[in-house]
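Hi everyone, thanks for coming. Let me put the sequence and the structure up on the screen, and then we can walk through them together.

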Amino acid sequence: MKVLILEQTNELAELLGLYLTSLSGAEVVATHLVQEALPQITEGKFDVFMCEMSYTRAGNDLVLRTWRSTHPGIPVVLVGEGAAPEGT
């Protein structure tokens, strides 16, 4: 499984990446910078995208819109305080 992680801080991104790698052996690309995540989204092949909620809110949703257009049907896991399943 290949996972893309976009978190607010580099420390959180790396921590989540380490956890997923140790738990499931997933291949992880982790960043806290939108400008690093966007090329990964448009050029990479991923099985899931873990994204900090603040990057998906109206006016700041370029990352999520790009993901949905390049990876239709591939899940997004929203992380952060108050996160709810997508579509609720």
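**Helix H3 and its surroundings**

Let's begin with helix H3, where the buried residues are Val 63, Leu 64, Thr 66 and Trp 67. Buried here means under 20% relative accessible area, exposed means over 50%, and partly exposed is in between, using a 1.4 Å probe and protein chains only. Looking down the axis of H3, you find these buried residues within an arc of 165 degrees, so they line one face of the helix. The arc is taken from the directions that run from the helix axis to the C-beta atoms. They pack against E1, H2, E3 and strand E4 (76-79), where contact means heavy atoms within 4.5 Å.

Before I go on, some housekeeping. This is a predicted model, in which local features need pLDDT of at least 70 and side-chain atom pairs count only at pLDDT 80 or more, while totals for chains, interfaces and linings use all residues. Residues are numbered from 1 along each chain as its sequence is written, and side-chain values use heavy atoms, with hydrogens and water left out. Helices (H or I, at least four residues) and strands (E, at least two) are DSSP runs, numbered from the N terminus.

Now the overview. The protein has 3 helices and 4 strands, and along the sequence they follow the pattern β-α-β-α-β-α-β. Of its 88 residues, 34% count as buried. If you take the contacts with a separation of 6 or more, residues 24 or more positions apart account for 67% of them.

Back to H3 and its partner. How do the axes of H2 and H3 cross? The axes of helix H2 (residues 34-43) and helix H3 (residues 62-70) come within 9 Å, with a crossing angle of roughly 10 degrees. The two helices are therefore roughly parallel to each other. For the method-minded, axes are lines fitted to C-alpha atoms, for helices over the stretch in contact, and angles run from 0 to 180 degrees between N-to-C directions. Angles under 35 degrees count as roughly parallel, over 145 as roughly antiparallel, 65 to 115 as roughly perpendicular and the rest as oblique.

From H2, the contact uses Val 34, Leu 38, Ile 41 and Thr 42, and from H3 it uses Leu 62, Val 63, Thr 66, Trp 67 and Thr 70. By class, that makes 6 nonpolar, 3 polar and no charged residues. In this scheme Ala, Val, Leu, Ile, Met, Phe, Trp, Tyr, Cys and Pro are nonpolar, Asp, Glu, Lys and Arg are charged, and the others, Gly among them, are polar.

Let me zoom in on Thr 66, which sits in helix H3. Thr 66 is buried, at a relative accessible area of 13%. Setting aside residues up to four places away in sequence, Thr 66 touches Leu 38, Ile 41 and Thr 42.

Next, helix H1 (residues 10-24). H1 has 15 residues and reaches 21 Å from its first C-alpha to its last, close to the 21 Å expected at 1.5 Å a residue. That expected span is 1.5 Å times one less than the number of residues. Which residues of H1 are buried? They are Ala 13, Gly 17 and Leu 20. Seen down the axis of H1, they fall within an arc of 70 degrees, so they line one face of the helix. A quick reminder: an α-helix has 3.6 residues a turn, so residues three or four places apart point the same way. The buried residues of H1 pack against strand E1 (2-6), strand E2 (27-31) and strand E3 (48-52). On the other side of H1, the exposed residues are Glu 11, Leu 15, Leu 18, Tyr 19, Ser 22 and Leu 23. After H1 comes Gly 25, with a positive phi near 75 degrees.

Phe 46 lies in the loop between H2 and E3. Is Phe 46 buried or exposed? Phe 46 counts as buried, at 4% relative accessibility. Leaving out neighbours within four places in sequence, its contacts include Lys 2, Val 29, Trp 67 and Ile 74. Phe 46 and Ile 74 are 28 residues apart in sequence, yet 8.0 Å apart in space, C-alpha to C-alpha.

Met 1, in the segment before E1, counts as exposed at 58% relative accessibility.
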